[in-house]
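Please examine the sequence and the model shown below.

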Amino acid sequence: MVTLDFKTLTVPVGILRILEVIFTCITFSLVASGSNLPNSFWAWCMFTWCFCFCITIFILVLELTSLNSKLPISWDDFTTSFAMLATLMVLTASLLYSIIFTCSGCGRQIAACVISFLTFILYAVEVGLTRAKPGEISGFLSTVPGLLKVLEAFVACIIFICLDFTSYSTHPGLQWCVAVYSICFIFALLVIILTIGRLLSRFPAPFNKVLIACNVLAVLMYITAVIIWPVYSFRIGSRPNSCPMICPWNIAVVVSFLTCVNLIAYIVDTVYSFKLVFFTTQT
C-alpha cells in the first residue's frame, strides 16, 4: 500500500525542493523560448535545468508516497549527492549562460540567468541542510570526502565538454591528460555508484585504504596533467587577437584552471581521508 506523507512537503527541505522544481521549470522554459544558437554549452545548460527539474520531482514523489524506503539504495546518500551535484551544475549553467548567451537587451535571457542563480542558492541551502554534521552517523556521500567525490566527477564532466573545442587528438601529451581525466572520473563515479547502491560492504578489500591509495594515484596523475596540458596547449604563444568568447585558446585556459581545481580537490580529499582512516581510528 502506498501511503502519502504530506509532512515531507512542509519540512524545510521539502519546501526548498518545491521551489527548485518551480525555478528550474521557469528557467528552461525561458531559455527554450529564446533565440539562441545551440552548441555544446547551450545543450549543457538546458540539460542541467531539465535534469535537475526531473530528479527533484522524482525525489519529491518518492518521499511523498514513502516509496523511497522500499528502494535498495542509500536514500540519504542519493539525495545529498544529488543536491551537491545540482548545486555545481546549476552554478556552472548560470555562469556559462550569462557569459555566453546574455546581452544587455536580452530580457528573457537575463531573467533566466537571475532565476537560475536563485535556483543555485536553493540547492546550496539544501546541501547545507542535508550534509552530515560532525559526530553524526551518516552515509559516505554526506561527508566531506563524499561531497568532494561529487565535485571531482563534476569538474571532470566540464573538462570533457570543453575538450570538444580543443585539438587534443593531435598531441600525445594532451591525450595523456585526457586519459588522466577519464580514469579519475571513472574511479569517482564508481565510488558514488557503490555508495548509493550500498555495495561498499561487499568490496573485497578495505575500502577506506583502497580509496586513499586511489586518491594518491589521482593526485600524482593530476600533477602531470597540470604541467603537461599548458605546455602543449599554449605552444602557439599568446592569445590571438581574433579570439572570440569560445576559441581554442580560451578553452585551453579553462581546462588548465579546472585541472588545477580538481588537483586541489583530490589533495584535500586525500588528506581528509587519511586523517579519518588513520588518526580517527587510532584515537
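**A guided reading of the model**

Helix α6 comprises 19 residues and spans 27 Å between its first and last C-alpha atoms, close to the 27 Å expected at 1.5 Å a residue. Most of α6 is covered, since 16 of its 19 residues are buried. The coordinates come from a predicted model, and every value in this account is to be read accordingly.

From this helix one may turn to the chain in which it sits. The chain contains nine helices and zero strands, so that its elements, read from the N terminus, follow the order α-α-α-α-α-α-α-α-α. Of its 283 residues, 46% count as buried. The accessible surface of the chain amounts to about 14100 Å², and carbon and sulfur atoms account for 74% of that area. When contacts between residues at least 6 apart in sequence are considered, 78% of them join residues at least 24 apart.

The interior comes next. In soluble globular proteins, nonpolar side chains tend to be buried together. In this model, the largest nonpolar core has 74 residues, and the members that touch the most others are Trp-49, Tyr-97, Tyr-181 and Trp-229. At least two residues of this core are supplied by each of α2 (12–33), α3 (40–64), α4 (75–100), α5 (107–130), α6 (144–162), α7 (172–196), α8 (207–233) and α9 (248–282).

Which residues does Trp-229 touch, leaving aside those up to four places away in sequence? Its contacts are Leu-163, Thr-166, Tyr-168, Leu-174, Cys-177, Tyr-181, Ala-252, Val-255 and Ser-256. One of these, Tyr-181, is itself among the core members that touch the most others.

The model also has open space to consider. Helices α4, α6 and α9 each provide at least two lining residues. The largest share comes from α4, with seven residues.

Glu-63 belongs to helix α3. Is Glu-63 buried or exposed? Its relative accessibility is 16%, and it therefore counts as buried, the cut-off being under 20%. Apart from residues up to four places away in sequence, Glu-63 touches Asp-5, Thr-8, Arg-17, Asn-68, Trp-75 and Thr-79. The C-alpha atoms of Glu-63 and Lys-7 lie 9.5 Å apart in space, although the two residues are 56 apart in sequence.

Ser-66 is located in the loop between α3 and α4. Its phi angle is near 60 degrees, a positive value in a residue other than glycine. Ser-66 has a relative accessible area of 19% and is therefore buried.

Key
Residues numbered from 1 in each chain as written. Predicted model: local features only at pLDDT ≥ 70, side-chain atom pairs only at ≥ 80, totals over all residues. Heavy atoms only, no water. Core = buried A, V, L, I, M, F, W, Y, C linked by side-chain atoms within 4.5 Å. Buried < 20%, exposed > 50% of the residue type's maximum accessible area, 1.4 Å probe, protein only. Helix = DSSP H or I, 4+ residues; strand = E, 2+ residues; numbered from the N terminus. Contact = heavy atoms within 4.5 Å. Areas by Shrake-Rupley, 256 points an atom, 1.4 Å probe, with all protein chains shown as cover. Expected span 1.5 Å × (residues − 1).
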